[in-house]
Structures are given as C-alpha cells and as structure tokens.
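Hello,

Here is the structure I promised to pass on to you. My notes on it follow below, so please have a look at both together.

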Amino acid sequence: MIELFTDGACRGNPGPGGWGVLLREEGHEWTLSGSEMNTTNNRMELAAAINGLAYFTEAREIALTTDSQYVRQGITQWIHGWRRNGWRTSAKQPVKNQDLWQALDALAAKHSVSWHWVKGHSGHPENEQADALANAAIDQMLAAS
C-alpha cells in the first residue's frame, strides 16, 4: 500500500500557486512539488493528486489523503454525473478544470485508489508537510522570476 498526502496552495486566487506530495511506501518517504505562476487553489489541489498518482507507472494500491473536499468529492461523487452529462454540471455549465479532472480520472482508473480527507491546517503532520512543499515551490518560483 502506497500512501500519498497531497496539498495545493495559492497566493491570491488566481495567483502564484504550488502543489506538494508526500509519498510513503514500506517505511520509505519521498516528496514531489511544483508550481505555476498564474493559477487557482483548486487547480493546485488537483495538480498535487495528479502528480502523485502519475509518479507510479505500474498499477498500484494507493491511499490518497487530501485536505480538499473539492478533490475528494469531485473524484468520488461528482465526476460520475459530469461524465454522463458530457462534462457539464447539473446547471448545464461546463465543468471548471475539466482538463485536470479528466487527467485525474484517467490516473485514478489505472490504480486502486482509496480517497481520504483531513481538515487542513489542523496539525496533521503529513498534510502540514505537503502544505510546506507547496509553499516552498511557490517561494522557489517567485525567487527565480
């Protein structure tokens, strides 16, 4: 079982954003992170989950923990209706972040993923580390620009 802890951050919404992933397997840990100059918090939350799942080329059993209800509810509940409705919401509007939802959907189908939610900024150690990775990615991007 692989554990992924993901988080996204944004300074302004939209604004500079970052994502972070803590991966854990059999006592080993490693991290991933990235950033974008002009994005939204929801896109960074999705990017964290996408990049975490994309790291594994072979199908794996993964427990993914996020502090984003948008990600967890989107992938476990809302996405079924979006697919059925041609990527439109119940209000007949285009699904926001459709490109990322489709990427996440494809990656989730490749693996056996269980989706977990934790309250953000509540002292959950792995969530705090993923948040720190996302913010460090923003800092690094802004320092380089």
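Let me start with helix α1, which lies across β1, β2, β3, β4 and β5 and runs at about 155° to β1. Please keep in mind that this is a predicted model.

The sheet itself is open and has 5 strands in the order β3-β2-β1-β4-β5, with mixed pairing. Its edge strands are β3 and β5 (112-117), each of which pairs on one side only. From one strand to the next, the twist averages 20°. Within the sheet, β1 (residues 2-10) and β2 (residues 15-25) are antiparallel partners over 8 bridges.

A residue to look at in β1 is T6. T6 is buried, because its relative accessible area is 1%, under the 20% cut-off. Leaving aside residues up to four places away in sequence, T6 touches G20, V21, A48, A49, L64, T65, T66, D67, N127 and A130.

Now to the charged pairs. The count of salt bridges comes to 7. One of them joins the side chains of E3 and R24, at 3.5 Å from N to O. Since E3 lies in strand β1 and R24 in strand β2, the pair ties together parts that are 21 residues apart in sequence. E3 and R24 are also bridge partners in the strand pairing. E3 is partly exposed, at 29% relative accessibility.

R24 has another salt bridge, with E126, at 2.8 Å from N to O. Here E126 sits in helix α4 (residues 125-144) and R24 in strand β2, so this pair ties together parts that are 102 residues apart in sequence. E126 is buried, with a relative accessible area of 15%.

Elsewhere, R60 forms a salt bridge with E25, and their closest N and O atoms are 2.2 Å apart. That pair links the loop between α1 and β4, where R60 lies, to E25 in strand β2, 35 residues apart. R60 is partly exposed at 30%, whereas E25 is buried at 18%. Through shared partners, salt bridges also join E3, R24, E29 and E126 into one network.

Finally, the aromatic side chains: the structure holds 8 aromatic pairs. In one of these, the ring centres of W30 and F56 are 6.4 Å apart and the planes are at 65°, so the pair is edge-to-face. W30 belongs to strand β3 (residues 28-39) and F56 to the loop between α1 (41-54) and β4 (61-66), so the pair ties together parts that are 26 residues apart in sequence. W30 is partly exposed, at 24%, while F56 is buried, at 5%. There is also an aromatic cluster formed by Y70, W78, W82, W87 and W101.

Best wishes

Technical notes:
Residues numbered from 1 in each chain as written. Predicted model: local features only at pLDDT ≥ 70, side-chain atom pairs only at ≥ 80, totals over all residues. Heavy atoms only, no water. Phe/Tyr/Trp six-rings, centres within 6.5 Å; stacked < 30°, edge-to-face > 60°. Helix = DSSP H or I, 4+ residues; strand = E, 2+ residues; numbered from the N terminus. Buried < 20%, exposed > 50% of the residue type's maximum accessible area, 1.4 Å probe, protein only. Pairing = 2+ DSSP bridges. Axes fitted to C-alpha atoms, helices over the stretch in contact; angles between N-to-C directions. Contact = heavy atoms within 4.5 Å. Salt bridge = Lys/Arg side-chain N within 4 Å of Asp/Glu carboxyl O.
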